[in-house]
Amino acid sequence: MTSDTASHKHSTPVYAEAPSPVPCQQRIMLAQDASHAEVARFVEAMQALQQPVTLVGLTGRAPHAVQQEIVSDRASLGQRLTVLLDDAPLCTRLHVSGDEAFLWHCHALAQAAGLADEQIELIRLGQRRHLYCVHCSCLQEIAEEGEATCQDCGVRLLVREHFSRRLGAYMGVCLDACDPRGEGRP
Amino acid sequence: MTAALEVQVAGICQLTPVVREFTLVPVDGILPSFSCGSHVQVHIEAGGRTLRNAYSLLGDPADRDHYRIAVRLQEASRGGSRFMHEQLSVGDRLRLSPPANLFAPHSRARHHVLIAGGIGITPFLSYIAELQAKGASFELHYAYRAGLTDAYLASLRQRLGERLHGYDSLQGQRLDMGRLLARQKLGTHAYVCGPQSLLDCVREQAAMLGWPQSSLHWEAFAAPEPGAAFSVTLTSNGRQIDVPADSSLLETLEAHDVELPNLCRGGVCGQCATGYSSGEVEHRDSYLAPAERATTLMPCVSRGRCGSALTLNL
């Protein structure tokens, strides 16, 4: 990702604040919402670098004069990305904007298509994040809270700052082993 | 450290006026298996000291009854390649450090671009055996001087056909590195072995294009070049050791029973990195980042600048 990653000691990811102005043959941007102001800002910065940009959006349209397409759902987005990368030059950079779960979903698709981690820049929009219950494997959306109750197994979870790139989620572990569901002892 | 292997020279073949191939068989038992891209260190007793020169293992990694290495006679040799060319005979015994690999092909690459300069062809001979066996997609670019550093060219032509691209410097044929790198698709990995000028050229072009660093792999097998004599002081016991002009710091430390972990002995792998606290260093490695050089040096290739005394954190 960004050069900040190296100095970042924990698994919590660091996200891009501007496209890195490095040489490349083309840039592809995947946007969860192409009409978001941040997407416009990134596209503008990329165009200033005089490198070809393709924008693929899940919803919305960018107000910008950029080559853009809209796909109907996540599955089509994955298919479109695979097609775009199939014959892409090696020096391709991918930018992904959206919530954290969307970012890491696209990150996994891109790596499977042959992009290296250093070629992918993630732009996090919004505060929603995914929580993974280590007890029942359920994934649920949370905001910034440090504790949550698992939607599936009902265990009260401590949200650890341990982030899984594979799952795109933070690890939730049982908050109180003596009283897992917060119901008090029988 | 792993015990050295005892081998015997079973065959010598002069491939070009400056390149000799040696077939080495175990004195007893079988040899350790190796992965493609591996090298061994040959312990050479020359001029009253032990040099350890690294040579790529040629041929098919599946063969375990013999190893093959090819040695280019270096003009500015410190004696290692000269010994191998002029003194080593069939039947002689040699000691080898077991195979190590710092230059393996990437397992998930969709296409491999191999770039060799002169004797830098050697690691690719084992690559080709493996890539062909797997049916992998690859191309080989081989820059050489006809009749001098074009070892294995004829057999490679036969084996590879159009996948071999040869560049003879005598005929002014040049490899357009920028174009070669620019036309590669996603999923390609490139591997370079050859003289420093070739590595520099590839790295410079790759950086200009924005190649991901993880897609570029390189190996330089330059023996340490001589320089001015200098001395080092060991911090732990205050011992002072003089490094002669034609020995590397690593070799000199080894001769004084100071053993450091090491694999490539060419300033690439980073194993022997050693801290220092005073003195001016002439850094000759391809491993350390500029910021690290203020406090760390690679004793396999680097030296005290203009005879500067160094204090090592050893």
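Reply: The model is predicted. In chain A, five strands form an open sheet, and their order across it is β7-β6-β10-β9-β8. The pairing in this sheet is mixed. Its edges are β7, residues 139-142 of chain A, and β8, residues 147-149 of chain A; each of these pairs on one side only. On average, neighbouring strands of the sheet are turned by 45 degrees against each other, with direction ignored.

Within the sheet, one pairing can be followed down to residues. Strand β6 of chain A covers residues 129-133, and strand β10 of chain A covers residues 169-174. These two strands run in the parallel sense, and three bridges join them. At residue level, C133(A) stands opposite G172(A), which lies in β10(A).

Now the chain around the sheet. Chain A contains four helices and ten strands. Of the contacts in chain A with a separation of 6 or more, 56% are between residues 24 or more positions apart.

As for overall dimensions, the C-alpha atoms of chain A fill a box of roughly 65 × 35 × 30 Å along the principal axes. Chain A has 186 residues, and 47% of them are buried. Its accessible surface is about 9000 Å², with 50% belonging to carbon and sulfur atoms. The side chains of chain A include 16 positive and 23 negative ones, and the centres of these two sets lie 3 Å apart.

Methods
Residues are numbered from 1 along each chain as its sequence is written. Chains are lettered from A and ligands numbered from 1 in the order in which they are written. This is a predicted model: local features need pLDDT of at least 70, side-chain atom pairs count only at pLDDT 80 or more; totals for chains, interfaces and linings use all residues. Side-chain values use heavy atoms; hydrogens and water are left out. Two strands pair if DSSP finds at least two bridges between them. Axes are lines fitted to C-alpha atoms, for helices over the stretch in contact, and angles run from 0 to 180 degrees between N-to-C directions. Buried means under 20% relative accessible area, exposed over 50%, partly exposed in between (1.4 Å probe, protein chains only). Contact means heavy atoms within 4.5 Å. Accessible areas come from the Shrake-Rupley method with a 1.4 Å probe; for residues, only the protein chains shown count as cover. Lys and Arg count as positive and Asp and Glu as negative; His and the chain ends are not counted. The place of a charge is taken as NZ of Lys, CZ of Arg, CG of Asp or CD of Glu.
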